[in-house]
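I opened this one to look up how the ligands sit in the protein. My notes follow, ligand by ligand.

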Amino acid sequence: MSQIVPFIPDNAPFSPEQRAWLNGFLAGLYSGADAAPAKAPAPSLKIAVLFATQSGTSERLAKKLAKELRQQGHVADLASLETYSPASLAEQTHALVLASTYGEGDPPDSAKSFAESIAMDTAPRLDQLSFAVFALGDTSYEHFCKFGADLDARFSALGASRLCDRVDSSVDVDAPFDQWKTAVFNSLSQTPASPAAAPALPLAADAPAAKPHVHTRDNPYLAEVIEKRPLTHEISSKLTVHVAISLAESEVHYEAGDACGVFAQNDPAVVDEILALTHFSPDATVDLPKLGATTLLDALTHHLQPSRLTRKTVQAYAALGDCDKLHHLLAPDAQKQLDTYIYDRSLIDLIEECPGLLTSPSQLIDILPKLTTRLYSISSSPKFHAGELHTTVAVVRYRSHNRDRGGVCSTMLSDRVPVGGRVPIYIQPNKKFRLPADHTAPMIMVGPGTGVAPFRSFLHERRALGATGRNWLFFGERSATTDFLYRDELEGMCSDGHLTRLDTAFSRDQEHKVYVQDRMIEFGAEFWRWLNDGASIYVCGDASRMAKDVDAALHRVVEQHGNKDAESAKEFVQELQEQNRYHRDVY
Ligand SMILES: Cc1cc2nc3c(=O)[nH]c(=O)nc-3n(C[C@H](O)[C@H](O)[C@H](O)COP(=O)(O)OP(=O)(O)OC[C@H]3O[C@@H](n4cnc5c(N)ncnc54)[C@H](O)[C@@H]3O)c2cc1C
Ligand SMILES: NC(=O)c1ccc[n+]([C@@H]2O[C@H](COP(=O)([O-])OP(=O)(O)OC[C@H]3O[C@@H](n4cnc5c(N)ncnc54)[C@H](OP(=O)(O)O)[C@@H]3O)[C@@H](O)[C@H]2O)c1
Ligand SMILES: Cc1cc2nc3c(=O)[nH]c(=O)nc-3n(C[C@H](O)[C@H](O)[C@H](O)COP(=O)(O)O)c2cc1C
């Protein structure tokens, strides 16, 4: 007869770590309960916990998982795919992989080399491997969790067997991660112990102590806005604002290169319009998954995202009734039209397109995506701007389908939070985007638009550290007179020699567009000399076009000035990556 494994409920008075540990402990204790007495030790296995990350989430979860595995008595070896080879994988019997996806379904930069090697015909067989994949992604991207899915399929094709099914998670990772972990633990508990690992029982003393009061995404810090100023001129075609918040009375710490997560609120005007269109009462009670009962007004303001459509929202809305227009868009061969449709429309457009389909407030909870936090690269240095955190926010405003629209968070920061107001924030560490460890090493930064943000942080940090390495910044914007972000500061750093070179590309100041990558090519000989002197390259800003074009320009500089063919230039750039000298933080 099978036995039910006790489970610590979500509302028990434990931290998530304590709850996870206790659940793992109970799973271990009750595993194989049919065959062995209840107090049999959990099987001890040697398990590789591998992660492929860009912004640190996969690494954070992998660390948590490794810790819990050790507490269950397993030998967990934590490693980044950056430093891992298919040959090492072939030697393992158990591997748990956490991998995020970027670009157009690509691996994070750090896992590109592994991804290429495992895809080769020469990749080793993985017949002795049991594995499980947790894929991180975001459903708003076309290639949702593709890299995780690719790894899962490839490992299986190379002969490895799955411990459990892959779990794909969108931005809200915690619940799917717990679900995957439970499946993994259940599967491991049915695996015979491996001789390589010493058996161990989880000790009560291993249980994590209650954590001190730390601010995370689950427990954000309500930070006071202490300064706001436009960085673009009032006659500019765009608005970018400098927003500074105080951390003086907090335990919040960050490092140069990190990002700041912001919990946004929807524009009250948008919320009012939805209420007016649906005739729902703002006080109607609705049930939010995990959070429980609240008012519709609270749900629409803080928890749901009516201003961005996803494919699922259109599908779910169309399923509420008859609407020919939407059914056409949902045809299997209309993917591109659907993407175009959702790009610049919102729930309000759906309601106007096919009115009268929403009949109860709870339908909104079912069809709308969750309001997610927004990240902003931190533009201050914790050493130079002690007690403060600065962000550089491009305000998203556009007109489409006869309506003026605004981005949820950027307009909140620029229009709706006054100086003295407070916003819930947390730090998103970015361990892959750090200053060169060698303070004498040269550094090249390519940061058009808001991409300049982390480089302002880097430059102030390097000065505060007394770092003597040369600094070269490529900055680009629309026009020098209206959009030269942080002009005085950057020109000041040039004058006093801290910024060795500042090369700018103002795209709209002449007839033809000039971009940062054009400057890289123009000064290619000097760029190549800096590379030979050991310079690290950093790129930040737009992912959709800029980062790819800058990458192509880098290859071109290496080809031209290093006298290499395309293949050797590619190898050279890959080596830069492996040496931790080519970093990208793009969005
Ligand atoms: C690691 C990281 C770092 C970042 N750093 C910064 C930073 O330093 N500074 C910064 O400003 N941003 C940064 N961002 C982007 C930031 O997180 C937000 O995505 C951005 O501010 C937009 O959020 P929003 O809520 O204002 O807009 P949303 O409400 O999310 O609206 C954006 C959506 O509006 C639509 N849209 C936008 N423009 C148009 C247009 N012209 N026409 C039609 N539709 C359009 C698109 O569907 C788009 O997805 C970063 C992102 C990441 C992931
Ligand atoms: N909806 C809005 O109002 C709005 C406004 C600003 C930014 N955004 C979005 O917000 C993000 C960040 O914007 P941002 O303010 O940091 O600036 P940005 O839009 O990235 O622009 C900064 C500079 O980069 C140039 N640029 C455009 N394409 C490029 C390419 N392929 N290679 C190199 N440079 C290129 C721009 O020129 P040109 O623009 O002249 O081509 C501009 O001079 C971007 O993803 C952008 O799409 C939206
Ligand atoms: C610029 C950018 C591109 C992304 N591209 C994709 C994508 O193509 N598919 C996807 O599922 N998720 C995509 N994501 C979402 C990330 O995979 C997701 O945020 C993940 O949790 C990040 O994990 P990490 O911090 O371990 O890198 C993208 C995120 C960013 C910022």
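I count a residue as near a ligand if one of its heavy atoms lies within 4 Å of that ligand. The model is predicted, and I kept its limits in mind: local features need pLDDT of at least 70, side-chain atom pairs count only at pLDDT 80 or more, and totals for chains, interfaces and linings use all residues. Residues are numbered from 1 along each chain as its sequence is written, chains are lettered from A and ligands numbered from 1 in the order in which they are written, and side-chain values use heavy atoms, with hydrogens and water left out.

**Ligand 1**

I found 19 residues around ligand 1, with Arg308, Tyr343, Arg374, Leu375 and Ser410 the closest. Next I looked up polar contacts, meaning pairs of N or O atoms within 3.5 Å. A polar backbone atom of Tyr343 is 2.7 Å from an oxygen atom of ligand 1, and one of Ala394 is 2.8 Å from an oxygen atom of the ligand. A nitrogen atom of ligand 1 lies 3.1 Å from a backbone N or O atom of Ser377. On its own ligand 1 exposes 980 Å², of which the protein buries 76%; such areas come from the Shrake-Rupley method with a 1.4 Å probe.

Which elements each supply at least two residues of this shell? I noted β12 (374-377), β13 (388-394) and α14 (408-416), where helices (H or I, at least four residues) and strands (E, at least two) are DSSP runs numbered from the N terminus. The largest share, 4 residues, comes from β12.

**Ligand 2**

Around ligand 2 I listed 20 residues, and Thr450, Ser507, Arg508, Lys513 and Tyr515 come nearest. Side chains supply the contacts I wrote down here: Arg508 has an N or O atom 2.7 Å from an oxygen atom of ligand 2, Tyr515 has a polar atom 2.6 Å from an oxygen atom, and Asp549 has an N or O atom 2.8 Å from a nitrogen atom of the ligand. The protein buries 81% of the 860 Å² that ligand 2 exposes when taken alone. β18 (471-477) and α20 (546-561) are the elements that give two or more residues to this shell.

**Ligand 3**

A backbone N or O atom of Cys145 is 2.7 Å from an oxygen atom of ligand 3. The side chain of Ser100 places an N or O atom 2.9 Å from an oxygen atom of ligand 3.

Note on methods: Polar contact = N/O pair within 3.5 Å; in protein donor to acceptor, adjacent residues only side chain to side chain.
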